[in-house]
Amino acid sequence: MGKQMKVEAVATWAPLKAVDRCDTGECRGRTVVRVHYGINSLDFCGHHFTQVEGKALANDVEPSDVLGSPTHIQDERQRILAEEDKREGVG
Ligand SMILES: [Zn+2]
């Protein structure tokens with residue numbers, strides 16, 4: 001039963017961790033999406049990412065909001081939600 005999945009990691013982005021927190025200041029929710037702007041990045045909880053998502057994906061963010069146009073959207077919502085389901089699941 002030692003089923004081993006070999007994951008060929010193409011991603012150069014470090015996976016989001018449970019300790020990563022939303023960068024939206026007053027929020028402090030768990031990061032589920034990291035938006036990269038070159039060497040910089042901003043972390044968002046699900047709630048706040050939905051607020052910026054439209055703009056970010058359209059490469060149409062306001063310079064005053066963030067650090068320029070996103071170079072990569074690291075969206076781990078599905079993985080993290082699945083993890084939390086498991087942890088808080090029945091029982
Ligand atoms: Zn947030």
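User: What makes up the largest nonpolar core?

Analyst: In this predicted model, the largest nonpolar core consists of nine residues: Cys22, Val32, Val33, Val35, Leu42, Phe44, Cys45, Phe49 and Ile80. E1 and E2 each supply at least two residues of this core. The term applies because a nonpolar core is a set of buried residues of the nonpolar kinds, joined through C-beta atoms within 7 Å. In soluble globular proteins, nonpolar side chains tend to be buried together.

User: Why is Cys22 called buried?

Analyst: Cys22 has 21 other C-beta atoms within 10 Å. The cut-off for a buried residue is 20 or more, and Cys22 therefore counts as buried. Cys22 lies in the segment before E1.

User: Which residues does Cys22 touch, not counting residues up to four places away in sequence?

Analyst: Cys22 touches Cys27, Arg28, Gly29, Thr31, Asp43, Phe44, Cys45 and His48.

User: How many bridges join E1 to E3?

Analyst: Four bridges join E1 to E3, and these strands run antiparallel.

User: What makes E2 and strand E3 edge strands?

Analyst: The open sheet has three strands in the order E2-E1-E3, with antiparallel pairing. E2 and strand E3 (72–75) each pair on one side only, and these are the edge strands. The twist averages 15° from one strand to the next.

User: Is Gln74 buried, exposed or partly exposed, and what count decides it?

Analyst: Gln74, found in strand E3, has 18 C-beta neighbours inside 10 Å. A buried residue needs 20 or more and an exposed one has 12 or fewer, so Gln74 counts as partly exposed. Leaving aside neighbours within four places in sequence, Gln74 is in contact with Trp13, Val33, Arg34 and His36. Gln74 and Val35 are 39 residues apart in sequence and 5.9 Å apart in space, C-alpha to C-alpha.

User: Why is Arg28 called exposed?

Analyst: Arg28 has 11 other C-beta atoms within 10 Å. The limit for an exposed residue is 12 or fewer, so Arg28 is exposed. Arg28 is found in the segment before E1.

User: What is the phi of Arg28?

Analyst: Arg28 has a positive phi of about 65° although it is not a glycine. Most residues other than glycine have a negative phi.

User: How do you know that the span of helix H2 agrees with its twelve residues?

Analyst: At 1.5 Å a residue, the twelve residues of helix H2 (residues 77–88) should span 16 Å. The end C-alpha atoms of H2 are 16 Å apart, which agrees. Of these twelve residues one is buried, so H2 lies largely in the open.

User: Where in the protein chain is confidence lowest, and where is it highest?

Analyst: Confidence is lowest in helix H1 (residues 46–57), at a mean of 76, and highest in E3, at 92. The protein chain averages a pLDDT of 78, and 69% of the residues score at least 70. Where pLDDT is low, the predicted coordinates should not be read in detail.

User: Which pattern does the protein chain follow, read along the sequence?

Analyst: The pattern is β-β-α-β-α, from two helices and three strands. Of the 91 residues, 16% count as buried.

How values were computed. Residues are numbered from 1 along each chain as its sequence is written. This is a predicted model: local features need pLDDT of at least 70, side-chain atom pairs count only at pLDDT 80 or more; totals for chains, interfaces and linings use all residues. Two strands pair if DSSP finds at least two bridges between them. Axes are lines fitted to C-alpha atoms, for helices over the stretch in contact, and angles run from 0 to 180 degrees between N-to-C directions. pLDDT is the predictor's confidence in each residue, from 0 to 100. The expected span of a helix is 1.5 Å times one less than its number of residues. Two residues are in contact if their C-beta atoms, placed from the backbone, lie within 7 Å.
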